[in-house]
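Reader: I'd like to learn how to read helix packing and overall chain shape from a model. Could you walk me through it?

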Amino acid sequence: MAFLTFKNVQITGISACVPRNIEKNSELTSLIPPEDIDKTINNIGIKEKRVADDSTCASDLCFSAASQLLGDMKIDKNSIDVLIFMSQAPDFYVPATAPILQNRLGLPNSTACFDMNLGCSGYLYGLSLSFSLAMHENIKRVLFLDGETFTKVVSKKDRVNAPLYGDAGTATLIEKSHSADSYFSLFTDGSGKDALFIKAGGARYPSSESTLEETLREDGNIRSDHQLFMDGIDVFNFTIRVVPKNILEILEYSKQILEDVDYVIFHQANKFMTDFFAKKLKIPAHKVPYCLDRFGNTSSASIPLTIVSELREKIEGKTTVILSGFGAGLSWGSALLNIGGCHISKLLEY
Amino acid sequence: MEEKFLGIVAEALEKDLKSISIKDNFRDYEEWDSLAVLSIMALIEENYGSTISREHLNNCQTLEDLFNLVSKDRR
């Protein structure tokens with residue numbers, strides 16, 4: 001399937017919400033030797049991130065973002081026909097979180113609500129499904145909520161992952177409009193399932209006393225089976241192999257050239273990595289917005305968060321963007337679309 | 001060809017070209033850390049068009065091993 005074209009559908013609004021609490025990487029001196037901290041911060045490009053407290057879930061951040069967006073745009077709640085919640089941090093295993101959000105937001109019972117679960121490619125997947133649904137005659141509006149709280153599943157004793165992740169929740173409104181065509185590509189490689197991995201707590205390896213124990217691992221880091229493992233080399237190998245190629249593929253499919261694209265928004269994983277992509281593809285720096293330094297890697301929420309934090313004042317009548325997401329699965333995807341005229345709410349703090 | 005490779009390694013590790021040789025055991029370098037690994041991989045991909053898997057990297061001890069791997073895999 002890989003490549004999709006959508007007609008007369010557009011993103012009409014985006015909002016984002018981040019926790020108020022800031023954690024600075026310069027304060028990780030108990031984990032990373034002080035002489036190495038500056039170099040680490042420089043290379044990953046992350047100075048600080050927002051961390052949700054114990055009582056705050058991804059759904060709460062999305063609820064705030066959604067409430068603000070619907071209020072700002074004066075959207076009639078009865079016009080929302082689908083609510084999708086994309087997250088790898090659902091409130092519960094049962095029920096799905098989307099119905100809980102339907103109730104909190106006061107959406108009608110006629111709203112179809114469901115969760116989606118993917119990592120850093122999640123925004124592309126959820127957005128393409130939202131576009132697909134919004135094209136349907138009987139679907140007026142799709143509210144796509146994408147939120148993550150990876151700080152809750154990263155070990156504080158993990159030198160690799162502790163500096164990387166931050167939390168955020170976002171809301172995107174998709175509906176019919178007379179817009180330029182939108183293009184998407186979606187790919188998968190499940191042979192890479194171990195590259196980004198939380199082993200226990202699911203059906204395959206249920207929770208037990210031993211899975212909860214934090215132990216010293218082969219890579220020299222300390223974590224439990226409920227905390228994120230990332231194989232940096234395998235992930236980097238994967239991204240340099242697929243991401244630049246995928247950007248070229250979406251340009252070719254949409255019959256556009258880089259010169260006509262206003263911004264390329266990469267999933268905010270690691271500055272070294274995305275600088276490499278931009279350099280390889282010869283994308284001028286002013287076309288590659290970053291919010292990584294202040295918010296860290298917020299997984300599937302990073303693309304909409306970047307749009308809200310960096311492009312709010314820069315959207316014109318026609319603004320063509322390429323979106324590129326890649327991560328756990330392994331899974332990746334890209335989109336080329338026009339976000340001109342889209343309402344972007346002011347970044348919220350929770 | 002070997003010279004070009006040594007130049008790449010020196011660039012990735014921010015070391016003086018004169019201070020490295022093809023027979024060196026790269027894990028002995030003070031500068032060898034996880035970020036150095038990514039830098040080398042990025043430069044290898046840029047210059048030779050190939051990606052080195054972690055498994056292959058684990059089987060290399062010297063810069064010569066790495067060079068042979070990269071030259072063999074060259075597209």
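This is a predicted model: local features need pLDDT of at least 70, side-chain atom pairs count only at pLDDT 80 or more; totals for chains, interfaces and linings use all residues.

Reader: At roughly what angle do the axes of α6 and α7 of chain A cross?

Author: The axes of α6 (residues 232–253) and α7 (residues 271–281) of chain A cross at roughly 40° and come within 10 Å. Angles under 35 degrees would count as roughly parallel, and 65 to 115 as roughly perpendicular. α6(A) and α7(A) are therefore oblique to each other.

Reader: Which residues make the contact?

Author: From α6(A) come A:F236, A:T239, A:I240, A:V243, A:P244 and A:I247, while α7(A) brings A:M273, A:F276, A:F277, A:K280 and A:L281. By class, the contact of α6(A) with α7(A) has nine nonpolar residues, one polar and one charged.

Reader: Now chain B: how many helices and strands does it have?

Author: Chain B has four helices and zero strands, running α-α-α-α from the N terminus. The radius of gyration of chain B is 11 Å, close to the 11 Å that the globule rule gives for 75 residues, so chain B is as compact as a globular protein of that length. Its C-alpha atoms fill a box of roughly 30 × 25 × 20 Å along the principal axes.

Reader: What share of the residues in chain B is buried?

Author: Buried residues make up 21% of the 75 in chain B.

Definitions and conventions. Residues are numbered from 1 along each chain as its sequence is written. Chains are lettered from A and ligands numbered from 1 in the order in which they are written. Helices (H or I, at least four residues) and strands (E, at least two) are DSSP runs, numbered from the N terminus. The radius of gyration is taken over C-alpha atoms; the globule rule is 2.2 Å times the number of residues to the power 0.38. A residue is buried if 20 or more other C-beta atoms lie within 10 Å of its own, exposed if 12 or fewer, and partly exposed in between; C-beta atoms are placed from the backbone. Axes are lines fitted to C-alpha atoms, for helices over the stretch in contact, and angles run from 0 to 180 degrees between N-to-C directions. Angles under 35 degrees count as roughly parallel, over 145 as roughly antiparallel, 65 to 115 as roughly perpendicular and the rest as oblique. Two residues are in contact if their C-beta atoms, placed from the backbone, lie within 7 Å. Ala, Val, Leu, Ile, Met, Phe, Trp, Tyr, Cys and Pro count as nonpolar, Asp, Glu, Lys and Arg as charged, and the others, Gly among them, as polar.
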